[in-house]
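My entries follow the order in which I checked them.

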Amino acid sequence: MAFFSLCLMFSLCSAATLTVTPDQSQFFQFDSITLTCVTNSSGWKVMRTIKNKVTEECKRGWGIPTESACNIKDAYPIDTGEYWCESNRGERSNKVNLTISDNSVILESPSHPVVEGENVTLGCSYKKDKDDDTSTSDFEAAFYRNDLFIGKKKPGKMIIEAEEGFHKCLYPTKGESLKSWLAVRARVPPTEMYSSPPPSPPSEPGVPWIRVISGIVLFILYNIILILCVYTYRKWARAKTDMKRRIADHVLVN
C-alpha cells in the first residue's frame, strides 16, 4: 500500500497498481500469494505471462479470481512470470516479476521499484522441507549484488541503500537463492513535483506587415517612375533623331 500511496502522491502510476502480498518477488513452492489491483474503478483483472505460455487472466487451475484480485493458493515454479492488472478497455498497470522457487532458500526483496537512495531490507529465508508452513531467517546469511558480495547478517536480514541489480542470498550450509532484479526509480526533486511548469519561452515578434506593405508600394512606384523615365527619354531621343533627319533632308533639297 505504501507503493500505491507514493503513486497517488507523485502521479507516477497508471489508473491501477498491482500489489503483491506478501510484498516480495520470490516465493517458496506451495506459498500463498495474493495479487490485488488497487484502483478507484471496477472492471480490472489480474493477467500474467509465464514461460512458454500465452497471456492469460487469473482463472481457476492456478488462481482464484475475485473482484480486481487473484489468489494463488499453492504456487509452483511454473507460476514464475510477469503479472499485471488490465481493465476491460485494455489499460494496464505496472508489471511485477514473480519467481517461485523449489529451492530451500529464497531472497525476500520488494516486488515493486524502490526510490533511489532509500533503504531497502533484503531477507534470506530457509525452509527445511517444502511442505513446511513456516520458514526461518535465524542464521547468518550472505548477500550478493550482481554476484559481488555486499555483506553478511545474522539473522538473515540486511538493510542496504537501494541500488539496481540482480540480488541473491546464501545460507552457507543449505544453498543459495535464485536471483531477483531490484528495480530503482529515480528520485523526483520536490521542486519538480510541486512547482508549476516553467513558462513557455516568449514567442518571436510578429512580422511588421506595415513595413512590408510600404516597401512593396515603394518598389512598385520606383519601377513605374523608372519605366516613365525610360519611355520619356526614348521618345525625346526619337524626336531629336527625326528632327536631325528632316534638317538634313532640307539641306539636301536646297
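**Ground rules.** I am working with a predicted model, in which local features need pLDDT of at least 70, side-chain atom pairs count only at pLDDT 80 or more, and totals for chains, interfaces and linings use all residues. Residues are numbered from 1 along each chain as its sequence is written, and side-chain values use heavy atoms, with hydrogens and water left out.

**Aromatic pairs.** I found that the structure holds 7 aromatic pairs, where rings of Phe, Tyr and Trp (its six-membered ring) pair if their centres lie within 6.5 Å, and planes under 30 degrees apart count as stacked, over 60 as edge-to-face and the rest as tilted. One of them joins F30 and Y76, edge-to-face at 5.4 Å centre to centre with 85° between the planes. This pair links distant parts of the chain, 46 residues apart, with F30 in the loop between β2 (26-28) and β3 (33-39) and Y76 in the loop between β7 (69-72) and β8 (81-87); strands are DSSP runs (E, at least two residues) and helices likewise (H or I, at least four), numbered from the N terminus. I noted F30 as partly exposed at a relative accessible area of 28%, and Y76 as partly exposed at 39%, given that buried means under 20%, exposed over 50% and partly exposed in between (1.4 Å probe, protein chains only).

I then looked up Y126 and Y171, whose ring centres are 5.1 Å apart with planes at 90°, so this pair is edge-to-face. Y126 lies in strand β12 and Y171 in strand β16 (residues 165-171), so the pair ties together parts 45 residues apart in sequence. Both Y126 and Y171 are buried, and together with F139 they form one aromatic cluster.

**A strand residue.** V46 lies in strand β4 (residues 44-50) and is buried, with a relative accessible area of 2%. I recorded V46 and G63 as 17 residues apart in sequence and 9.8 Å apart in space, C-alpha to C-alpha.

**Surface patches.** Which residues gather in a patch of negative charge on the surface? They are D129, D131, D132 and D133; patch residues have over 30% relative accessible area and no salt bridge, with like charges joined within 9 Å and nonpolar side chains (Val, Leu, Ile, Met, Phe, Trp, Tyr) within 5 Å, a salt bridge being a side-chain nitrogen of Lys or Arg within 4 Å of a carboxyl oxygen of Asp or Glu. D131 lies in the loop between β12 (119-126) and β13 (141-145) and is exposed at 59% relative accessible area.

A nonpolar surface patch of about 940 Å² has I224 and F219 among its residues. I224 sits in helix α3 (residues 209-253) and counts as partly exposed at 43% relative accessibility.

Notes:
Areas by Shrake-Rupley, 256 points an atom, 1.4 Å probe, with all protein chains shown as cover. Lys, Arg positive; Asp, Glu negative; His and termini not counted. Charge placed at Lys NZ, Arg CZ, Asp CG, Glu CD.
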